[in-house]
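Good morning, colleagues, and thank you for the time.

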Amino acid sequence: MKVAIVGSSKATFNQAEEEIRKIIAVNKPCVIISGNADGIDSIADRIAGEMNVKTIIYPPKTKNWKGYKERNSLIALRCDKLYNLVLKKEPKDMGSCYHHKVHTHYRSGGCWTENYAKQLGKQVMVIEI
Ligand SMILES: [Zn+2]
């Protein structure tokens, strides 16, 4: 099972640790697919290492939307299952993630990857942290 863990590059270790440990624990044995960015990507890689799970990292070839889009597409294509960890919004800030109908979190590249994976028929889960 190849499990992609994507999401906010602004997430901190404390915000994401518990959910990522749970994701890996329920999917083991698995391989984690990660995108080499700050936040969720690097936290997932670190926790996978601690839990003796291998990570396949897909870094972007270029640091612009073209590169990120190619990288995100590849993650969506290669995974069997995808988890998108997004940062929960305060009620006063709700209303601006255009990827999702319920605007309760800050949008990130993970939302794009999630929608693409969904189009490809992959199993996707959104977790607000
Ligand atoms: Zn979203």
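Helices and strands here are DSSP runs, numbered from the N terminus: a helix is a run of H or I with at least four residues, and a strand is a run of E with at least two. By that definition, the protein has four helices and five strands. Read from the N terminus, the order of elements is β-α-β-α-β-α-β-α-β. The radius of gyration is 14 Å, close to the 14 Å that the globule rule gives for 129 residues, so the protein is as compact as a globular protein of that length. That radius is taken over C-alpha atoms, and the rule is 2.2 Å times the number of residues to the power 0.38.

Two notes on the basis of this talk. This is a predicted model, in which local features need pLDDT of at least 70 and side-chain atom pairs count only at pLDDT 80 or more, while totals for chains, interfaces and linings use all residues. Residues are numbered from 1 along each chain as its sequence is written.

In what order do the strands lie in the open sheet? The order is β3-β2-β1-β4-β5, with parallel pairing; two strands pair if DSSP finds at least two bridges between them. At the edges stand β3 (55–57) and β5 (123–128), each with a single partner strand, so one side of each has no neighbour in the sheet. From one strand to the next, the twist averages 25°. Strand β2 (residues 31–34) is joined to β3 by three bridges, and Ile32 stands opposite Thr55 in β3.

I turn to two of the helices. Helix α1 (residues 13–27) packs on the sheet and touches β1 (2–7), β2, β4 (81–86) and β5, with its direction at about 165° to that of β1. Helix α4 (residues 109–119) lies across β1, β4 and β5, at about 155° to β4. Axes are lines fitted to C-alpha atoms, for helices over the stretch in contact, and angles run from 0 to 180 degrees between N-to-C directions.

Is Glu114 buried or exposed? Glu114 counts as buried, because 26 C-beta neighbours lie inside 10 Å; the cut-offs are 20 or more other C-beta atoms within 10 Å for buried, 12 or fewer for exposed, and partly exposed in between, with C-beta atoms placed from the backbone. Leaving aside residues up to four places away in sequence, Glu114 touches Val6, Leu82, Asn84, Val124 and Val126. Contact means that the C-beta atoms, placed from the backbone, lie within 7 Å.
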